[in-house]
Amino acid sequence: MKTTLKTNITVKDICEGFVYNELEGKGLFGLSGKLTIQPEYQRNYIYASDGGKREIAVIESILKDYPIGLIYFNKVSENKLEVLDGQQRITSVGRFVADKFAIKDENGMEQYFGGMAKDKKVKILETKLLIYECEGTESQIKEWFKTINIAGVPLKPQELLNAVYSGPFVTLGKEEFSNSQNANIQKWSAYVSGSANRQDFLERALDWVSKGNIGDYMSSHRFDKNITELKKYFSSVIDWISSVFIDVESEMRGLEWGRLYEAYHKKSYNPKKVSEEVQKLYGDPYIKNRKGIFEFILGGSTDTKLLEVRVFDEATKKSSYKEQTTKAEKKKESNCPLCAIGHDANKDKIWNLSDMDADHVAAWSKGGKTTSKNCQMLCKTHNRAKGNR
Ligand SMILES: [Zn+2]
């Protein structure tokens, strides 16, 4: 790969013909049309999020003569450059000069570029950027791109995959799943966590359809001119969730719905009954893991491990142990009630507290509470055996 350091390109040059696409949240072109700011493998513009702190910092750095770091262009041909690294910084500068956001002046007043004193405007426009122009094959450039991070915001795995497998399939996938203007995003957000901009929805859609083999799937579909299968599978999962669970609970966000869909979508459920059960479990103070409620119900409401039902605290265990042991010693039988009714050598064994576990006398699943009245200590073997029934 050949690289040339350019030190004469100014903010003014870059902003010549700057185009920002509000709809897609992307800086598109600069340098009088010579520069593509957001090639396929670049991520969407994210500096405007977090209340714009990052884009403001870029402008303040320029005004204070702080360096804003190296920028890399890929030289595609004599008159065609693409931003490899620095897209966020360039878009910040372009957006500021286009009056898309304001900074605060010395008095804390909002200040847009258009309203700045002339000397400050000139200072910004004449700032020279440090730019490396790189020439190389597509794979060299991509390989290298994989190894860099952009201005303190590391690329997410899906952003890297988009770079590595760029092509018509990724373009279409991003149009559908990475476009924050897509009206479906809100519905999807009930079940999928993350943001469209950072490729979280595309990643989830690919994860589900590929059963976790995103890289393989992207590689084999790289030159597809449609994303029909991807879209279809994703909506099947979403539609299935919303038909089984009529209420949307915040704990549904980010669950492994792809796996659950594969395991349970052929089973039939009565949504009304499911809803009643969800509400009942949501009202149960002994359930620690509400996220487990959905899989618990899908699986037939048997696997209580998913719910992490609250366990007895140490004080309760100690007092139950003491009470049981005193009684057992008087009767000369084991302090584990199940050992005591048995016929082996443990019949009269007094276990140490550390050899015993707390058990719900009335099982939690049958309405038993996690209170001292419902607590009994069993030897570990018996407790394990009881837990498995
Ligand atoms: Zn026992």
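Modeller: Helices α9 and α11 are roughly perpendicular to each other (65 to 115 degrees). This is a predicted model, in which local features need pLDDT of at least 70 and side-chain atom pairs pLDDT 80 or more, whereas totals for chains, interfaces and linings use all residues. Residues are numbered from 1 along each chain as its sequence is written.

Biologist: At what angle do α9 and α11 pack?

Modeller: Helix α9 (residues 200-209) and helix α11 (residues 228-244) pack at about 90°, and their axes are 9 Å apart. Helices are DSSP runs of H or I with at least four residues; axes are lines fitted to C-alpha atoms over the stretch in contact, with angles from 0 to 180 degrees between N-to-C directions.

Biologist: Which residues meet there?

Modeller: From α9 come Ala205, Leu206, Trp208 and Val209, and they meet Glu229, Leu230, Tyr233, Phe234 and Val237 of α11. Eight residues of this contact are nonpolar, none is polar and one is charged (Asp, Glu, Lys and Arg count as charged; Ala, Val, Leu, Ile, Met, Phe, Trp, Tyr, Cys and Pro as nonpolar; the others as polar).

Biologist: Now Lys156: where is its place?

Modeller: Lys156 lies in the loop between α5 (138-147) and α6 (157-164).

Biologist: Why is Lys156 called partly exposed?

Modeller: Because 15 other C-beta atoms lie within 10 Å of Lys156 (20 or more would be buried, 12 or fewer exposed).

Biologist: What does Lys156 contact, beyond neighbours within four places in sequence?

Modeller: Lys156 is in contact with Arg198 and Gln199 (C-beta atoms within 7 Å). By comparison, the C-alpha atoms of Lys156 and Glu323 are separated by 56 Å.

Note on methods:
Helices (H or I, at least four residues) and strands (E, at least two) are DSSP runs, numbered from the N terminus. Two residues are in contact if their C-beta atoms, placed from the backbone, lie within 7 Å. Angles under 35 degrees count as roughly parallel, over 145 as roughly antiparallel, 65 to 115 as roughly perpendicular and the rest as oblique.
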